[in-house]
Amino acid sequence: MKIKVYQIVPERDKQNVKFTGLDELEKYQGSKAVNAALYEEVFDGEVDRTTLEGVYELFNTDIPPLHRGHSMSVSDVVKTDDGFYFCDRFGFQKTEFDEALATKPKNLMRIVFVEPGKPAYAAEIENTLRAEQRAVGGYIQTASNEDGTVIVCNEEGKHNSLPSNRRIADGEDILVGNFFIVGEKGTNFRSLTKKETEKYLERFAIPEEIEKGEVEKAADIRFYPE
């Protein structure tokens with residue numbers, strides 16, 4: 001399901017309400033109202049869970065690679081199609097949350113993210129090497145799509161036997177592990193345009209079944225220098 005996750009920024013937390021439950025909010029700030037101005041968006045994307053309890057487990061055991069915060073804890077807020085939910089001491093409580101007051105990093109880029117066995121989805125990633133490496137699970141390597149966008153994937157993916165993901169280059173090569181599509185601006189990356197996003201969401205919409213032998217026979221992807 002599609003979710004957003006918000007976490008309190010310590011520097012804004014003058015009343016020390018981070019990691020406190022709803023009942024404790026009244027003690028510290030005089031009301032149980034959740035102050036969205038204390039929060040920053042730390043995740044916006046798809047997760048393979050259908051319940052909030054499942055989301056909590058995921059963000060504590062197998063944290064999504066595009067997550068920018070800490071493991072999920074009390075005081076976090078999760079947005080779903082049904083509204084906003086506060087992570088309380090026990091379970092989640094529906095809450096009012098003025099999303100317009102929360103912030104997000106200024107250096108985010110819009111990408112199309114593709115995980116093995118899953119449909120591609122639009123997401124955002126920080127424009128830093130650390131975030132890019134975390135997204136693909138290792139050192140990054142790039143390949144031009146020759147349309148102003150590039151593929152970013154794990155440089156050692158095949159060597160490390162990462163799961164097969166998608167065929168490219170008319171089936172001549174296979175990408176393994178997580179990868180993403182991002183815009184190209186000289187030697188730097190940029191956000192995808194709406195048109196580019198739609199193009200690659202469609203291109204990688206359907207997960208592919210790929211035999212291990214296909215990966216072993218595939219030619220090395222034609223990378224260009226960093």
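The whole structure holds 17 salt bridges, a salt bridge being a side-chain nitrogen of Lys or Arg within 4 Å of a carboxyl oxygen of Asp or Glu. This is a predicted model, in which local features need pLDDT of at least 70 and side-chain atom pairs count only at pLDDT 80 or more, while totals for chains, interfaces and linings use all residues. Residues are numbered from 1 along each chain as its sequence is written, and side-chain values use heavy atoms, with hydrogens and water left out. Helices (H or I, at least four residues) and strands (E, at least two) are DSSP runs, numbered from the N terminus.

- Side chains of opposite charge can pair when their charged atoms come close.
- Lys2 forms a salt bridge with Asp44, with 2.3 Å between the closest N and O atoms. This pair links distant parts of the chain, as Lys2 is in strand β1 and Asp44 in strand β2, 42 residues apart.
- Lys2 is partly exposed at a relative accessible area of 33%, whereas Asp44 is buried at 9%. Buried means under 20% relative accessible area, exposed over 50%, and partly exposed in between (1.4 Å probe, protein chains only).
- Arg110 and Glu124 also meet through their side chains in a salt bridge, at 3.6 Å from N to O. Arg110 belongs to strand β6 (residues 108–114) and Glu124 to strand β7 (residues 121–126), 14 residues apart.
- Arg110 is partly exposed, with 27% relative accessibility, and Glu124 is buried, with 13%.
- A salt bridge of 2.6 Å, N to O, joins the side chains of Asp173 and Lys158. Asp173 is in strand β11 (residues 173–176) and Lys158 in the loop between β9 (149–154) and β10 (164–168), so the pair ties together parts that are 15 residues apart in sequence.
- Asp173 is buried, at a relative accessible area of 3%, and Lys158 is partly exposed, at 30%.
- One network, joined by salt bridges that share partners, contains Lys4, Glu41, Arg68, Lys79, Glu99, Lys104, Arg110 and Glu124.

**Sheet**

- An open sheet is formed by five strands in the order β2-β1-β3-β4-β5, with antiparallel pairing. Two strands pair if DSSP finds at least two bridges between them.
- Its edge strands, each pairing on one side only, are β2 (39–46) and β5 (92–95).
- Strands β1 (residues 2–8) and β3 (residues 77–80) run antiparallel and are joined by three bridges. Val5 stands opposite Val78 in β3.

**Helix α2**

- Leu52, Gly54, Val55, Leu58 and Phe59 are the buried residues of α2. They fall within an arc of 155° seen down the helix axis, so they line one face of α2. The arc is that of the directions from the helix axis to the C-beta atoms.
- Glu53 and Thr61, on the other side of α2, are exposed.
- The buried residues of α2 pack against β1, β2, β3, β4 (83–87) and β5, where contact means heavy atoms within 4.5 Å.

**Nonpolar cores**

- The largest nonpolar core has 30 residues, and Phe59, Leu66 and Phe180 have the most contacts inside it. Such a core is a set of buried Ala, Val, Leu, Ile, Met, Phe, Trp, Tyr and Cys residues joined through side-chain atoms within 4.5 Å.
- Helix α2 (residues 52–61) gives the most to this core, with four residues.
- A second, separate core of 14 residues includes Ile8, Leu22, Phe86 and Ala102.
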